[in-house]
Amino acid sequence: MNALASRLQQAQPYALGLFRIVVGLLFACHGAASLFGWLGGAAGTGGTIPGGSWPGWYAAVIQLVAGGLVLLGLGTRGAAFIASGSMAYAYFDVHQAEALFPIQNGGEASAMFCWAFLLLVFTGPGALALDGLFGARGSRGTAAARDEEKSAPVTA
C-alpha cells in the first residue's frame, strides 16, 4: 500500500466519525425546526407541526432523537436504522407520488439521509463516539478494529 493510501486508512475512523456527527446534527436540526420552530420552523414557515399529527410530528421526533443519538455516537446503528427507515418512508410516501426522480419531486434530502444513515448502520459510528466510552461492543467502526478484537487471545 502506498504512503497516501496508508495515511487515509489510518484516518478512516475519524473521517467516519466526522461524517456521523455532521449527518446527525443536520438531521436533529430538521426535528428541532419542526417541533420548536427554531432555525426557520417547520418547512421554513417559522411555525411548528401540531403535536401528534401524522406523519409530520412523529417524523420530527424521530429526526430530533435519532439525529441526536447519531450525533453523539450513542446507539448509532439502531438510531441510524430507524432514521433510515423514516426517510425511506418519507421518500416513498410523500415525494415519490410527485415524480420518479428526487430532483423532480423534492425528495433529495430524504433520499440522501436515507442512504447516509443506512451506511452508518453497516459501518458503525467510527471514532469520537460515546459508545466507546461505555464499552459497547462493536462500537468501533473499522474492519481493522473488529479484526483486532477477534484476534485478541482469550483467557479463561
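1. **Nonpolar core.** In this predicted model, the largest nonpolar core has 16 residues. Those with the most contacts inside this core are Phe27, Val70, Ala80, Met87, Phe113, Phe117 and Leu120. Two or more residues come from each of H1, H2, H3 and H5. The top contributor is H5, which gives six residues.

2. **Ala80 within that core.** Ala80 is one of the core residues with the most contacts. Setting aside neighbours within four places in sequence, Ala80 is in contact with Val70, Phe117, Leu120 and Val121. Of these partners, Val70, Phe117 and Leu120 are also on the list of core residues with the most contacts.

3. **Overall fold.** The chain has seven helices and zero strands. Read from the N terminus, the order of elements is α-α-α-α-α-α-α. The chain has 156 residues, and 35% of them count as buried. Take the contacts between residues at least 6 apart in sequence: 62% of them join residues at least 24 apart.

4. **Helix H2.** H2 has 17 residues. From first C-alpha to last, H2 reaches 24 Å, close to the 24 Å expected at 1.5 Å a residue. After H2 comes Gly73, with a positive phi near 75 degrees.

5. **The buried side of H2.** Which residues of H2 are buried? They are Ala60, Gln63, Ala66, Gly67, Gly68 and Val70. An α-helix has 3.6 residues a turn, so residues three or four places apart point the same way. That spacing is worth checking against the buried positions, which include Ala60, Gln63 and Gly67. The cover over the buried residues of H2 includes H1, H3 and H5.

6. **Largest pocket.** The largest pocket has a volume of about 650 Å³. Its lining has 28 residues, and the closest to the pocket centre are Ser34, Ala59, Gln63, Met87 and Ala90. Helices H1 (3-36), H2 (56-72), H3 (76-95) and H5 (108-123) each give two or more residues to the lining. What is the make-up of this lining by class? There are 19 nonpolar residues, nine polar and no charged.

7. **His95.** His95 lies in helix H3. Is His95 buried or exposed? His95 counts as buried because its relative accessibility is 16%, and the cut-off is under 20%. Not counting residues up to four places away in sequence, His95 touches Ala90, Asn105, Gly106, Gly107 and Ser110.

Conventions. Residues are numbered from 1 along each chain as its sequence is written. This is a predicted model: local features need pLDDT of at least 70, side-chain atom pairs count only at pLDDT 80 or more; totals for chains, interfaces and linings use all residues. Side-chain values use heavy atoms; hydrogens and water are left out. On a 1 Å grid over the protein atoms alone, a cavity is a set of points where a 1.4 Å probe fits but cannot get out, and a pocket is an open set with protein on both sides within 12 Å along at least five of seven lines; lining residues have an atom within 4 Å of a point. Grid points are joined across faces, edges and corners, and a volume is the space filled by probe spheres set on the points. Helices (H or I, at least four residues) and strands (E, at least two) are DSSP runs, numbered from the N terminus. Ala, Val, Leu, Ile, Met, Phe, Trp, Tyr, Cys and Pro count as nonpolar, Asp, Glu, Lys and Arg as charged, and the others, Gly among them, as polar. The expected span of a helix is 1.5 Å times one less than its number of residues. Buried means under 20% relative accessible area, exposed over 50%, partly exposed in between (1.4 Å probe, protein chains only). Contact means heavy atoms within 4.5 Å. A nonpolar core is a set of buried Ala, Val, Leu, Ile, Met, Phe, Trp, Tyr and Cys residues joined through side-chain atoms within 4.5 Å.
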